[in-house]
Protein chains: 2
Amino acid sequence: MKALGRHFILELSHCSSEVLCSLTKVREYIVEAAKRANAHVLKVTFHKFSPHGISGVVVIAESHLSIHTWPEEGYAAVDIYTCGDTTTPETACEYLAQMFEAKNVKLTVVNRGVKNGNGSFSHVVSNSSQLCLDSGQNLAEVPRRRHAVLRSA
Amino acid sequence: MKALGRHFILELSHCSSEVLCSLTKVREYIVEAAKRANAHVLKVTFHKFSPHGISGVVVIAESHLSIHTWPEEGYAAVDIYTCGDTTTPETACEYLAQMFEAKNVKLTVVNRGVKNGNGSFSHVVSNSSQLCLDSGQNLAEVPRRRHAVLRSA
């Protein structure tokens, strides 16, 4: 099945609330995650909520990364959507889980831009995993795959 | 099932390539879609690729909207992720399908931030539809629901 892109939907739980509160750290880690996934960063925009919580997005040549944090819940909702054969979003997921000190991870991968017979596009959930990182499971267990068309920036 | 947010994953097919090429129009429509969904716009960032294609994100108080366009395919990949009881992302989906002149729509709704018994968070696909808008189907057929916690900007 050929897809234009892959969308990683990631819930990070039991994270460090101190990290999730820090605009500087959250921004730094998301931008670094993009780089480690071999993506090309184009735009970076973040917002800090009152009294806490951060939303941010990094637009990359290969699509985007986003994060929304709930420090009071030790929780972050992350999306990593990439096109192209050169990116490794799995690397970004592993890096973010480590930097946010997540103990539990829910990851679902959706293949986006899957062409139907009539020329329209669909998407397909390719796999979904809930992992307890503190009991020895790790994100490297999630099957790896690469995909399709990179646009030039 | 209580969820912190809902994530609408939307593929718009057989759209107007002229609209998908226009940075001005794509930006205007995404920002307007956010407003029509009763979301509060905080940040707007867009990038135009060469020779064509646009990526853009609107950070809202309730999370974000994103779009990536492939004018050569008449295709746009959209995400609308909202928290709070006051937003109507369905309205944004309907508006975007109309403005991009989409003839076919694939929509999947994922409930994000669903709390497990052990305090970790998960996500659950709540429904998925592929609709041919030019054969009389429409996005109003997709079941509507509202959710959870709004953070103050």
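In strand E6 of chain B, B:Val105 is the bridge partner of B:Leu12; helices (H or I, at least four residues) and strands (E, at least two) are taken here as DSSP runs numbered from the N terminus. The model is a predicted one, in which local features need pLDDT of at least 70 and side-chain atom pairs count only at pLDDT 80 or more, whereas totals for chains, interfaces and linings use all residues. Residues are numbered from 1 along each chain as its sequence is written, chains are lettered from A and ligands numbered from 1 in the order in which they are written, and side-chain values use heavy atoms, with hydrogens and water left out.

Strand E1 (residues 3-13) of chain B runs antiparallel to E6(B), to which it is joined by 10 bridges, two strands being regarded as paired if DSSP finds at least two bridges between them. E6(B) also pairs with strand E7 (residues 121-132) of chain B, again in the antiparallel sense, over 11 bridges, and within this pairing B:Asn111 has B:Val124 in E7(B) as its bridge partner. The hairpin of E6(B) and E7(B) has 5 residues between the strands, and in this hairpin B:Gly119 takes a positive phi near 90°.

The contact, defined by heavy atoms within 4.5 Å, takes 56 residues from chain A and 55 residues from chain B. Across this interface 31 residue pairs are in polar contact, both residues being at pLDDT 80 or more; a polar contact is a pair of N or O atoms within 3.5 Å, where within protein one must be able to donate a hydrogen and the other to accept it, and residues adjacent in sequence count only if both atoms are side-chain atoms. On the side of chain A that touches chain B, at least two residues are supplied by each of the strands E1 (3-13), E2 (41-48), E3 (54-60), E4 (63-70), E5 (75-83), E6 (104-115) and E7 (121-132) of chain A. E6(A) gives the most to this side, with 8 residues. By residue class, this side of chain A comprises 22 nonpolar, 25 polar and 9 charged residues, with Ala, Val, Leu, Ile, Met, Phe, Trp, Tyr, Cys and Pro counted as nonpolar, Asp, Glu, Lys and Arg as charged, and the others, Gly among them, as polar.

Over all chains the count comes to 12 salt bridges, and between chain A and chain B it is 6, a salt bridge being a side-chain nitrogen of Lys or Arg within 4 Å of a carboxyl oxygen of Asp or Glu. One of them links B:Arg112 to A:Glu11, with the closest N and O atoms 2.4 Å apart; B:Arg112 lies in strand E6 of chain B and A:Glu11 in strand E1 of chain A, so the pair joins two chains. B:Arg112 is buried at a relative accessible area of 0%, and A:Glu11 is likewise buried at 0%. A:Glu11, A:Asp79 and B:Arg112 are linked in a network of salt bridges. A salt bridge is also formed by the side chains of B:Asp79 and A:Arg112 (3.3 Å, N to O), a pair that crosses between chains from strand E5 (residues 75-83) of chain B to strand E6 of chain A, and both of these residues are buried. The side chains of B:Lys115 and A:Glu73 meet in a further salt bridge (2.9 Å, N to O). Within chain B, B:Lys25 forms a salt bridge with B:Glu18 at 2.7 Å between the closest N and O atoms; B:Lys25 is partly exposed at 28% relative accessibility, as is B:Glu18 at 48%.

Most residues other than glycine have a negative phi, and most peptide bonds are trans. In chain A, the peptide bond from A:Ser50 to A:Pro51 is cis, with omega near 10°, and A:Pro51 is placed in the loop between E2 and E3. In chain B, a cis peptide bond with omega of about 10° joins B:Ser50 and B:Pro51, the latter placed in the loop between strands E2 (41-48) and E3 (54-60) of that chain. A:Asn38, in the loop between helix H2 (23-36) and E2 of chain A, has a positive phi near 70°.

Terms used
Buried < 20%, exposed > 50% of the residue type's maximum accessible area, 1.4 Å probe, protein only.
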